[in-house]
Amino acid sequence: MPDKRIAVIGATGAQGGGVARAILADPAGGFSVRAVTRKTTSDAALALSRAGAEVMEADLDNVDSLVAAFTGAYGVFAVTNFWEHFSPEKELEQATNIAEAAQRAGVQHVVWSTLEDTRRFMSLDDPRMPTLHGKYKVPHLDSKGAADAEFSKRGVPTTNLLTSFYWENFVQPGMGPAKGEDGVLGITFPMGDKALPGIAVEDIGRSAYAIFKAGNTYIGKTIGIAGEHLTGHEMAAALSEALGVTVRYNDISANVYRSFPFPGAEDLGNMFQFFRDFNEAFVAARPLAATRAMVPGIQTFREWLAANASRIPLG
């Protein structure tokens, strides 16, 4: 039997790269990778080609290019990148293009990387957090959650994959440990004492691959994944152990976080407040036991740190 080809959107990025690597690491698994990217000559694309992936050019703004990239594929791993353009409308449009192309190409299984539409939990006039752009509470969550319907109404066989905060964020400037006025390193979130579900990017990839390998088992379902549920204090303690320096957790108000002078601060401030204020539902949607049953050996935060602490900049 020929391999079932998975067209992986964003294969040169974080989540898509994790999916591509998970499939390529299992050459006897019956699946192969078609890496879908806008730039087939990039270093990352060339590395995937050398690793055994087919690399194909396509653009999320061009439905016909996506149809071509999906044609002949068994499945599609679908992800969009809000932070590339900061437009929830564009993100919804791109997700709709993916859904339309999957339908036209006759794809048998889409794993769609999504998040909650927070407007299902609170109305736009809810005073607990500001409404952004006139019609969103957390734009980069709401646009993904709203896109779920674009797959279902077209009859595309889809698994909605609810991801978690990924620990690679600590490698990025602005999210990792930063020095306070007293010189002590700290991580800063408006989460209070509530737990934040987290996961390694590689394990998002392994989870998506496990869903494809399970055939029809998860089609039509929403599956949430996490490696651990940790409070800010627990993450700070783990970072302190791994880095060999004191890292504290700075709990601030969401209003203060929204006022930070970087693009998307309002969106992220609302996001963390949503995680905090609706913590029970958010955490419950990402059950640890079910994730581990689907992906044995999924990493804990300390296990991820053991392999990645050296990548974390100490600002």
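Lys213 has a relative accessibility of 47% and therefore counts as partly exposed; on this scale, buried means under 20% relative accessible area, exposed means over 50%, and partly exposed lies in between, with a 1.4 Å probe and protein chains only.

First, the basis of the model. This is a predicted model, in which local features need pLDDT of at least 70 and side-chain atom pairs count only at pLDDT 80 or more, while totals for chains, interfaces and linings use all residues. Residues are numbered from 1 along each chain as its sequence is written, and side-chain values use heavy atoms, with hydrogens and water left out.

Let me turn to the overall fold. The protein chain contains twelve helices and 13 strands; these are DSSP runs, numbered from the N terminus, with helices (H or I) of at least four residues and strands (E) of at least two. How does the radius of gyration agree with that of a compact globule? For 315 residues such a globule would have a value near 20 Å, and the protein chain has 19 Å, so the two agree. The radius is taken over C-alpha atoms, and the globule rule is 2.2 Å times the number of residues to the power 0.38. Along its principal axes, the C-alpha trace spans about 60 × 45 × 35 Å.

Of the 315 residues, 54% count as buried. Among contacts with a separation of 6 or more, 77% are between residues 24 or more positions apart, a contact being heavy atoms within 4.5 Å. The accessible surface comes to about 13,300 Å², with 52% of it belonging to carbon and sulfur atoms; the areas come from the Shrake-Rupley method with a 1.4 Å probe.

I now come to the salt bridges. The structure holds 20 of them, each defined as a side-chain nitrogen of Lys or Arg within 4 Å of a carboxyl oxygen of Asp or Glu. Which residue pairs with Lys213? The partner is Asp26, at 3.4 Å from N to O. This pair links distant parts of the chain, 187 residues apart: Asp26 lies in the loop between helix H1 (14-24) and strand S2 (31-37), and Lys213 lies in helix H6 (residues 201-213). Asp26 is partly exposed because its relative accessible area is 21%.

A second pair is Arg5 and Glu54, whose side chains meet at 2.4 Å, N to O. Here too distant parts of the chain are linked, with Arg5 in strand S1 (residues 4-9) and Glu54 in strand S3 (residues 54-57), 49 residues apart. Arg5, at 28% relative accessibility, counts as partly exposed, as does Glu54 at 26%.

Finally, two backbone angles. Phe86 has a phi near 60°, a positive value in a residue other than glycine, and is placed in the loop between strand S4 (75-78) and helix H4 (88-105). His133 likewise has a positive phi, near 55°, and is found in the loop between strand S5 (109-114) and helix H5 (139-152). Phe86 is partly exposed at 36%, and His133 is exposed at 58%.
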